[in-house]
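Trainee: I am new to this and would like to learn how to read a model step by step. Could you walk me through it?

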Amino acid sequence: MSSEPTLLSPGRGGYPPGLMDLEKPPPIYVRGAVPSGVCVAVVGTRRCTRYGLEIAGAIGRRIATAGWVTVSGLARGIDAAAHRGTVEAGGRGVAILGSGLDHLYPRENAPLAGQLVGLGGAVVSEYPAATPPDRWRFPARNRLIAAMSLAVVVVESKLAGGAQITAVLAAEMGRPVFAVPGDVGREASEGTNQLIRDGAIPIFGAEDLIAELSLLTGTAAASSPSADGDIPESGVDIEDLPTLWDCSVKEALARLGRLEIAGKVARSGDLVRPVTRYSA
Amino acid sequence: MYASVLSVALIGGDVRPVRVEAHVGGTTNSFKLSGLPDTALREAKDRVRAAIHSSGIEFPHRELTINLAPADLKKRGSDYDLPIAISILAADRLIRRLPRAVIVGELSLDGKVRRGGSSLGAAVMSARLGIPCLVSREHAAEVALVPGSEVHPIETLADAVALLSEGLGRMPMQPEPAAAENQVLPDMAEVRGQVLAKRALEIAAAGGHHILFHGPPGGGKTMLARRLPGILPLLDDASSIEAALIRANAGLGDVISPIPPFRAPHHTATRAALVGGGTGIPTPGEISLAHRGVLFLDELAEFPRSHLDALRQPLEEGRVLISRQGASQEFPARFQLVGATNPCPCGYWGDRRKPCRCPESARQRYRQRISGPMLDRFDIAVHVKRVDGDEYRSVDGESTEAVLRRVLSAREAQMARGALNRDLSDRDLTGLPISNIARVLLVQSLESGAITARGAVRIRRVAQTLADFEHSSVDDDHIAEALSLRGSW
């Protein structure tokens, strides 16, 4: 971890747009750069099961291959497994800490943080570099995890775990919450099962999550998330799409198809128009 | 005394042997004809009698019985004149040793052999049985193209008698390339602009997909449709002969052409003209004439709905069954459907340069003239816009030849699978590889309401064709493009 952390104030270039949804967006210290794109939080308990580790890893990998960004808290267990999955797939991830950037906690995950930065991701904290890890700060960073992400996935969680807090904060901010169901009666699944009862969307695996998220983002998993088509309000002649997008007819049609699936454009005759709709 | 001669009957896209039997006996002067003959065939008696006289041969004034076997097969037309005459002469021992041969031809009263409709059938039967055939000289060169046939051209009845008496010693006809091979098809390069419609047409050609063009009048929907046969693979020998037999059966000549047929019946066509039928023995309709080729229905919404609904079974099964009292007749009808329609009664809905004057209700009614199940047959539906003077900004398109090359390449995988993509069922599709992301995209479009379950099958078919162009399996780009090829109207 050689590079010096930068301090980003709210609204500045590179400041994660999701954090602007917080009541008081804090300035943040960033090592690396927060990737632009769809962020998905994957969180869970430190005292997880092998089942939880496997699923968290698979989800981390799959989010990476979909071209999205994994957000977690670098903690032991589920958090680390999700980060590791992302790194394995060569994807981008963000670790949000409850301590200063000089105090990577737990120490064993310091190399993982380095890999995240190396792959174009970032390590983020709202505390000055020298702030030591203190238990009471961890719930506070959970609100950053929830805010930065488009959706939160809880893999395994105890009834009163930090992941539960993240899920509740996310729900309050209008972020959809996904939970992986587990055995009834097992401590590590009590929280997630409760979340499902309270209205979280159960997911049955990484692929399932991607399918659900694709609906939310309105883009196919592999396409660039920023593709809104740049279609002017007045509409554009379908024949002019290849020129507008500077691509072949074939590519233009595929892109048009995606925009249609996402409900972002409508067609009438030869005219393609953007669909403006309320977004949360 | 008895003799028999082999002739043929055209049934749908096939040929059946018909044995013309003659019996000469007794002393009373009579001429009977049995074996389900139609009017034209019943009149054969008079033509045969006159032709034999005119040829300088004495007509046996005795009790003549002619039977066309099998008796349950309905026969028609005048092509049995020559075999009837020959069988009479052989039964009367005027031709002594009759060689095995397939004989067809209409006789004129002066003994000339005229152009009839069964010459091609005779050549096909000749090839099938490995025996020579005798046909009118007018057709001989064309039908000699049937591989394995031995075609002897004849001009008169006397000519036929001489040829058969000397045991068919002459050299058979050498095939001449049909005029059709030099036929100039309209080229894709002549279509200016319309990049979307042209791409859609290419994809339709590659997967055999039924395609619907909608858009204002003057958009070149017909122009595009006419260019489809040129970008389809040529028919193989068996298929070109099958198509030619159907044409012959409908009385449209004997030309064998490897170019896929293109039929464009008008919306005022009767149901019988469209799907086959007619009074008496059923004749093939437009859908059978388009067998292995293209059926273009312009102004689709103007066709009576009952006619369109009659197309559903053939579209499903590739054949049409004409049910008649007593017997039913089946014709092949495996065609690629190209539909064209205005989007509304005035035609300008969706056109940006000219406003549509139709109330929404009128547009809905117009649209509903084409039933949902019918619309479902079209895997691809694209808007074809009006071409204005300013289309010159667009570069000229590729030639038919270049497009055909890609179509042929995309057909390779389909040939290996043994079916065109348009014929892939839901179950076939389950067996074909598709990437996970593509699957996700498909599920997503179902859930977002962009497509229906039935629509999903069509999208997968088209996506398969797109993948076949690249010799790969279906991925998300293919699904997305397939979806955009279903423009609503």
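**Reading a residue, a helix pair and an interface**

Mentor: Gladly. This is a predicted model, and we can begin with E360(B), which is found in helix α14 (residues 360-368) of chain B.

Trainee: How do I read a pair of helices? What is the crossing angle of α18(B) and α20(B)?

Mentor: Look at the axes. Those of helix α18 (residues 436-447) and helix α20 (residues 476-484), both of chain B, cross at roughly 30° and come within 7 Å. The two are therefore roughly parallel, as angles under 35 degrees are classed that way.

Trainee: Which residues of α18(B) and α20(B) meet?

Mentor: From α18(B) come I437(B), A438(B), L441(B), L442(B) and S445(B), and they meet D476(B), H478(B), I479(B), A480(B) and L483(B) of α20(B). By type, this contact has 7 nonpolar, 2 polar and 1 charged.

Trainee: And between chains? How many residues does each chain bring to the contact?

Mentor: In general, interface size is often given as the accessible area lost when the parts come together. Here we can count residues: 30 from chain B and 26 from chain A. On the chain B side, α7 (195-207), α18 and α20 each supply at least two residues, and α18(B) gives the most, with 8 residues. That side divides into 12 nonpolar, 10 polar and 8 charged.

How values were computed
Residues numbered from 1 in each chain as written. Chains lettered and ligands numbered in written order. Predicted model: local features only at pLDDT ≥ 70, side-chain atom pairs only at ≥ 80, totals over all residues. Helix = DSSP H or I, 4+ residues; strand = E, 2+ residues; numbered from the N terminus. Axes fitted to C-alpha atoms, helices over the stretch in contact; angles between N-to-C directions. Parallel < 35°, antiparallel > 145°, perpendicular 65-115°, else oblique. Contact = placed C-beta atoms within 7 Å. Nonpolar A, V, L, I, M, F, W, Y, C, P; charged D, E, K, R; others polar.
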